[in-house]
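Please keep the sequence and the model in view while reading.

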Amino acid sequence: MDIQKNKPFIKEYSLPENTWSGISVIDMEEKKTEHDIFNPHRDSHYLLVISNSGRFNLMVDFENITIEGSAFILIAPGCVHQILEIIDPKGWAISFDGSAIHKETSTLHHELFNKPFLLSNDDFLSHQLFTISKLLLDLQASDRISSKQAKHCLLNALINLIGNQNSIEHTSNNRITRKKAIENEFLSLLFKYFRNEKMPSFYAKQLSLSTAHLNDTIKELTGITVTQHIQRQSILEAKRLLYVTNLTVKEICYTVGYQEPIYFGKLFKKLERISPLAFREKFHD
């Protein structure tokens with residue numbers, strides 16, 4: 001079904017055209033932004049906000065989040081978010097393309113996405129994050145190859161430090177580490193293909209695994225099956241469209257990859273305990 005052209009989709013922002021290194025850093029104290037951050041939108045890239053002080057009220061995929069003082073939040077590509085209020089912001093907003101992350105760092109810890117982690121100004125980790133962020137900002141204006149390489153190294157160091165916040169210890173057991181890698185690779189594929197690929201066998205083939213092995217691994221680590229992950233990602237996207245756009249429920253059904261609106265409505269209500277229209281009314285009140 002063709003969606004009407006006059007029906008707006010969610011505004012998505014890419015990195016600025018002059019971001020040749022794949023990394024863009026903003027000093028929040030200067031109160032400059034690359035795009036409208038106060039209306040619901042999403043980015044095609046990752047956004048890492050490292051706060052030194054101040055107060056930030058955000059909405060991230062329908063959840064109100066308040067950050068005060070020293071903290072960081074890593075917002076995933078495609079996540080609908082907006083700033084509701086900023087008071088005396090100090091810190092850095094670091095936008096980066098996934099290609100700027102080294103292969104060994106690329107399996108970002110999905111547990112870290114879209115939720116704040118508090119820091120202490122006296123904490124050694126805080127000192128490291130703040131120092132690296134300042135260095136990234138200092139290199140912002142340089143277009144030298146050496147500066148690009150330095151920015152990539154600093155960014156990867158930053159992501160590795162943040163990854164250490166993950167409370168689940170996998171590194172001491174290679175078998176568990178491999179399972180965690182499968183989970184991260186699956187979730188990355190899911191984000192990319194969930195609209196068109198609803199069968200677990202597709203993701204298993206992409207990962208060179210049997211469908212049973214993939215399903216067992218994902219269920220062991222997350223508590224739900226591959227099919228349930230596909231359904232949840234599809235319904236999350238539907239919620240974003242209900243919140244931001246004026247697409248009809250039927251149009252949203254087709255947009256997120258389902259062909260039967262009645263089935264879609266039942267699945268939405270099963271997972272959210274509310275109908276699609278009631279969800280829209282709840283957030284538009």
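Two residues are in contact here when heavy atoms lie within 4.5 Å. With contact understood in that sense, 72% of the contacts between residues at least 6 apart in sequence join residues that are at least 24 apart. The model is a predicted one, and in it the protein has nine helices and eight strands. Of its 285 residues, 47% count as buried, where buried means under 20% relative accessible area.

Leu-214, Thr-217 and Ile-218 are the buried residues of H5, and because they cover an arc of only 95 degrees around the axis, they lie on the same side of the helix. Just after the helix comes Gly-223, which takes a positive phi of about 90 degrees.

Helix H8 can be read in the same manner. H8 has twelve residues and reaches 16 Å between its first and last C-alpha, close to the 16 Å expected at 1.5 Å a residue. Its buried residues are Phe-264, Leu-267 and Phe-268; they cover an arc of only 100 degrees around the axis, and this puts them on the same side of H8. What do the buried residues of H8 pack against? They pack against H6, helix H7 (249-255) and helix H9 (276-284). Ile-262, Lys-266 and Lys-270, by contrast, are exposed on the other side of H8.

Two packed helices are described by the angle between their axes and the distance between the axes. For helix H6 (residues 226-244) and helix H8 (residues 261-272), the axes come within 10 Å and cross at roughly 95 degrees. Angles of 65 to 115 degrees count as roughly perpendicular, and H6 and H8 are therefore roughly perpendicular to each other. From H6, the residues that take part are Gln-231, Arg-232, Ile-235, Ala-238, Lys-239 and Leu-242, and they meet Tyr-263, Phe-264, Leu-267, Phe-268, Leu-271 and Glu-272 in H8.

Two backbone positions remain to be considered. H8 is followed by Arg-273, whose phi is positive, near 60 degrees, although this residue is not a glycine. Arg-273 has its place in the loop between H8 and H9. Is Arg-273 buried or exposed? With a relative accessible area of 74%, Arg-273 is exposed, the cut-off for that description being over 50%. Asp-88 is likewise not a glycine and has a positive phi of about 50 degrees, but its place is in strand E7, which comprises residues 81-96. At 58% relative accessibility, Asp-88 counts as exposed.

How values were computed: Residues numbered from 1 in each chain as written. Predicted model: local features only at pLDDT ≥ 70, side-chain atom pairs only at ≥ 80, totals over all residues. Heavy atoms only, no water. Axes fitted to C-alpha atoms, helices over the stretch in contact; angles between N-to-C directions. Helix = DSSP H or I, 4+ residues; strand = E, 2+ residues; numbered from the N terminus. Parallel < 35°, antiparallel > 145°, perpendicular 65-115°, else oblique. Buried < 20%, exposed > 50% of the residue type's maximum accessible area, 1.4 Å probe, protein only. Arc of directions from axis to C-beta. Expected span 1.5 Å × (residues − 1).
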